[in-house]
There are 4 protein chains.
Amino acid sequence: MAPGALDVVFRDVPVVTSRHRVFDDQFCFLFNSYYEAVGPRHARMDRSLLSRPGIEEISRYRRHVDDAMAASVPRLDPALVELGLQHEEQHQELLLMDIKHVLSVNPLRPTYVPGERYAVAAQPSASPGWLDHNGGLCEIGHVGDGFSFDNEAPRHAVHLVPFSVSERPVTCGQWRAFMDDGGYRRPELWLSGGWATVQTAGWDRPLYWLEDDDQWTQFMLHGPRHVDAGEPVCHVSYYEADAYARWAGERLPTEAEWEVAAADVGHCSSGDVWEWTSSAYLPYPGFRPAVGAIGEYNGKFMVNQHVLRGGSGASAPGHSRVTCRNFFPPAARWAFSGLRLARDR
Amino acid sequence: MAPGALDVVFRDVPVVTSRHRVFDDQFCFLFNSYYEAVGPRHARMDRSLLSRPGIEEISRYRRHVDDAMAASVPRLDPALVELGLQHEEQHQELLLMDIKHVLSVNPLRPTYVPGERYAVAAQPSASPGWLDHNGGLCEIGHVGDGFSFDNEAPRHAVHLVPFSVSERPVTCGQWRAFMDDGGYRRPELWLSGGWATVQTAGWDRPLYWLEDDDQWTQFMLHGPRHVDAGEPVCHVSYYEADAYARWAGERLPTEAEWEVAAADVGHCSSGDVWEWTSSAYLPYPGFRPAVGAIGEYNGKFMVNQHVLRGGSGASAPGHSRVTCRNFFPPAARWAFSGLRLARDR
Amino acid sequence: MAPGALDVVFRDVPVVTSRHRVFDDQFCFLFNSYYEAVGPRHARMDRSLLSRPGIEEISRYRRHVDDAMAASVPRLDPALVELGLQHEEQHQELLLMDIKHVLSVNPLRPTYVPGERYAVAAQPSASPGWLDHNGGLCEIGHVGDGFSFDNEAPRHAVHLVPFSVSERPVTCGQWRAFMDDGGYRRPELWLSGGWATVQTAGWDRPLYWLEDDDQWTQFMLHGPRHVDAGEPVCHVSYYEADAYARWAGERLPTEAEWEVAAADVGHCSSGDVWEWTSSAYLPYPGFRPAVGAIGEYNGKFMVNQHVLRGGSGASAPGHSRVTCRNFFPPAARWAFSGLRLARDR
Amino acid sequence: MAPGALDVVFRDVPVVTSRHRVFDDQFCFLFNSYYEAVGPRHARMDRSLLSRPGIEEISRYRRHVDDAMAASVPRLDPALVELGLQHEEQHQELLLMDIKHVLSVNPLRPTYVPGERYAVAAQPSASPGWLDHNGGLCEIGHVGDGFSFDNEAPRHAVHLVPFSVSERPVTCGQWRAFMDDGGYRRPELWLSGGWATVQTAGWDRPLYWLEDDDQWTQFMLHGPRHVDAGEPVCHVSYYEADAYARWAGERLPTEAEWEVAAADVGHCSSGDVWEWTSSAYLPYPGFRPAVGAIGEYNGKFMVNQHVLRGGSGASAPGHSRVTCRNFFPPAARWAFSGLRLARDR
């Protein structure tokens, strides 16, 4: 998921409605997160040095934008409005990811919310079964009138060998078994880049796990909490997911396998964690990015990332689709990311 | 192409023939390039600090290994011998890559060979045509008795949309047009990671190109030479190949497209440059790496790399196959790498 | 000047008065800037990730400390109170340095204060004369009942050759002449480490100077302002000061020369800028740091820094003394630092 | 000691004798180690990529230079010849430092020489006494007809408080006691920069010490050897020397103290190890560097370094003088550097 594009729509407002008044010329520079087409921008590294504008001016800017949006929406292309809303939902999950990370490194361990709103549910303790699929010529990708991001299209045929995917994501209890079996200390389980990261970053557990008097806890948006063996493991990287699958004698599903299996059962996941797939994030056959700044939004990140499917407890309700393609670099762990196993039949 | 595995076979010699005598116990540590299964190894960064063993001892070691190999080959598994030879051929191309690079940064601009042995041939000046393919369900990958590396198997079905690939690689003359049109200065042509590399590394031409009194020359293994507009461009990264294709209004072929088109015409390329494809380097369906150190040779690099197809003027004669998969990270330029365009029909 | 020791005194409060109540146990970790004796601390690099405690809790903490201080001061050792206040004055100047820096990198160029409170005064346009001194056996360093920091003692004899120091600091107009004469482009003027910094950091003017339509402006705490040729140059590093002096055919004074010359005229500087000396920051003969955390305050920084003397427009009124030793690394520019020339007689 | 200036004299040869023929124009670029006045140079970082010129050409170059020197010496200014020879002696010690370092990181642990030529002698086991000095007005620095480097002049007066210096350098046995007492784990013993280096570099013993089955050995130019408790400790940094002195309740001598004490007893050290002093490497009053490239040789390094006095077993016989000033940055350990203690009387 590409960070930072809220203002694509805002910025296009003046194009659609000539009555729009720019709040501050310099904000275009200051709040341009990564759009080359929009012009120069403040260096990302130096953002932490920004102490201004102050909170009052930010609030006024927010109201200014809200007012402009409210006035403009009736005149805007509804497809553009929907893209803006969907994209805003992506930002809301990214904000929760960032908030969780930044609170987790604060030695005061502050909490974001009092309740367990973003916690994931424990699963039935019985071992999950396998969803079998006969493979063959299948279709994946979005088609039709409903909303989708550009990277979900066009719908196209893929040929699959017969395969099975697990009914449920890998749990924390299973991950504990991987750890106890030396999973983080055995190079033969890892991709070369993954093993290098294990060593330089000192990985020996999922992000946010803490060992406390022989008890495993994990930092949550509502504070530290016991690790429940039955809940899906979360905040693992692609490298870790891949190593786990190799340790388990299975593999990760491709995104095509994931999608056709999910379409079969009619839903897109447990909804608890995004699930890593073994597919690199690449354009579908015939993919064409949109023209202008909106076109930078997905296509230019199609290298060195892997696709995740499904959705998480921090995703906006109704946000995800069976065709939805999330993506992160293979070492990223701060997304709400877990995994599901697959195997050849 | 993964660097450094010559001694896989050497190391297995003692397993096969108990008469093998180890030359020096510590060489196992010193010359282990990256095999985790073989044990610890000298840090790569510190290799340039090694002044010993001296050249005489290295020569004796070489003779020792040659003698052991000559004595062992009749008793070795012929498949293992063939893998060793094929792998040695990969090293020979890698050595030429490294020699070219290290000579190029020497201000004395020394030459490796006097003649033009590794130069590429200029092509017919007429514009290349397109090889059309109807797509549909095709098969790619190695099958049968001939040699292949493990990553070329198993042969499997892929579904392709109708496409065309250019008859010939992109030339230096075409690349000059890309440069003259601001190709290296227009962010909209580049993947995000590519544009970042352009800026940090200061890319504005292929590796080894030098501008000299308004003339373009390139550093070759036989020294600097005029850039011929008709020869295939070489030493460009995936990022550059991808940007060029976008600038040209075309795209790179997938590795499946490349392979079925090459199979159609019965050969695997002009043989001048390895050709970048848009496919990430990933395992084929059903791929299983070999057991032991040999299994580290390909599988553990299957992330953050792109596939190249064909072969170069520095490849050993007869080395390449239509199913052969070379691979490098998207910013790598020191391979003999060029590109061929493709488009949807 | 060593950053960050406000809480030396706060932390010692419990020692003196048993009634002190700790506000929050974790703040001891969170706000420990660099005191090893006080225990572990939050990594400096990660400070910008701290979003909590919030402003209300910080305000309550501030009131808590203020109340505890007010209640404790009558019972505290007056010497300790004075050290705390003097040290707090150092922090106030450091805060102004940091505020100026952080506002200067904000593209909105916000101002800290409306007026010119921290601006330096222009000087008489006549060339400054030289204060001559016959050298010989002199004494420097603090002695007597008045306050001083530990690094100013003990008073001791030094032997000086006859010398002169300029009556006034180097001005912006003189610095312009240095720039115009290629001062930042001529390696023969620079210390080796200074020249390396010029090249890597791209120095070609004092910090905060901006060129705008052939006019030089400088960023001030009250916003950008014209560079006045007659005012002392400010925000130059030791490397720059040293290069300027070499260019001018003079040299920087030692701290002993500076102090005896200042003592002669009865004041410690123009008060506009701290003045670099050629003296490394080292302990005086017989120097002994205090026991405990207070002892970390000065002594442990006595390497790789140079002494500045005098005081700046951002120093608290009455803060400086003729014996006062400020210190920064040779590449530091964000202090209010200028220079005065010296020569042998 | 500044690395790399052998060719100052060589380069000046053409100036003195018009018959000199330049061997290769490009060598001036290739072998310019750091002289800005001589022109551009090959980047230091990239030196390990240089494989040419080959050993035969280097040998021919060497003979060319030797011949030119032999022919020129009779016509050269004898003072320049002496400077060249003295400087060459510095290089010879630097070469031994580099050879020792590069062999020490080779896992084969090769030896440079078979015998113990560069080993230091064990000292009498009796505790050393103290050499007392009454201080007062003393003179240091070179004067007279004998050779000295420019940084040793001019001779000048310094005022010293009464002090004592130890008769002998600190031994390995004493250093073991420091280590056993947690010397490398107690921040209160260290300068701030030293403690940071201890942590990032993982220092817990002198450079080249190895622990082997509870025995301490050290890597020497003739290979690993038992650490003798009675020999002077070697290969410790200024940071370590300073921490040791603090631990021992003493201090390091200033360079002035060292020199006047050495002059008293009539020799300049045991000759086993260079001895760190607490003095920063700065110009003496009235110091003027020579004009031209020779002037870059010492003066431009006068910042962020500390002075060492004496000489080591790797110094050329007769090289050192009681006024000789060697210098290295405070974290450098690869020089043959130890320490001697001092105290106020």
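**Paired chains in a predicted model**

Biologist: Which residue of chain C comes closest to the rotation axis?

Modeller: The axis comes from superposing the copies by least squares on the C-alpha atoms of residues with pLDDT (the predictor's confidence in each residue, from 0 to 100) of at least 70 in both. At 2.4 Å, taken at the C-alpha, the residue of chain C that comes closest to this axis is N304(C).

Biologist: Which pLDDT must side-chain atom pairs have in order to count?

Modeller: Residues are numbered from 1 along each chain as its sequence is written, while chains are lettered from A and ligands numbered from 1 in the order in which they are written. Side-chain values use heavy atoms, without hydrogens and water; as this is a predicted model, local features need pLDDT of at least 70, totals for chains, interfaces and linings use all residues, and side-chain atom pairs count only at pLDDT 80 or more.

Biologist: How are chain C and chain D related, and what rotation superposes them?

Modeller: Chain C is superposed on chain D with an RMSD of 0.1 Å, a shift of 0.1 Å along the axis and a rotation of 180°. The two copies are thus related as by a two-fold rotation axis. The rotation asked for is 180°.

Biologist: How many residues does chain D give to the contact with chain C?

Modeller: Contact means heavy atoms within 4.5 Å. Of the interface residues of chain C, 100% are also interface residues in chain D, so the copies meet through the same surface. Chain C gives 28 residues to the contact, and the number from chain D is 28.

Biologist: What area is buried between chain A and chain B?

Modeller: Buried area is the accessible area (1.4 Å probe) that two parts lose on being put together, summed over both. Carbon and sulfur atoms give 61% of the buried area, which is about 2,100 Å².

Biologist: How many disulfides does the structure hold, and why does C172(A) form no such bond?

Modeller: A disulfide is a pair of cysteine sulfur atoms within 2.5 Å. C172(A) is buried (under 20% relative accessible area, with exposed over 50% and partly exposed in between; 1.4 Å probe, protein chains only), at 0%. Its sulfur is 8.3 Å from the closest cysteine sulfur, in C234(A), which is too far for a bond. Over all chains, the number of disulfides is zero.

Biologist: Over which residues of chain A is the pLDDT below 50?

Modeller: Chain A has a mean pLDDT of 87, and 89% of its residues reach 70 or more. Where pLDDT is low, the predicted coordinates should not be read in detail. The stretch of chain A with pLDDT below 50 has 51 contacts in the model beyond near neighbours in sequence, and covers residues 1–18.

Biologist: What distance separates the centres of domain 1 and domain 2 of chain A?

Modeller: Domain bounds come from an automatic or database domain assignment. For chain A, that assignment gives domain 1 as 5–104 and domain 2 as 111–345. Taken over C-alpha atoms, the distance between their centres is 29 Å.
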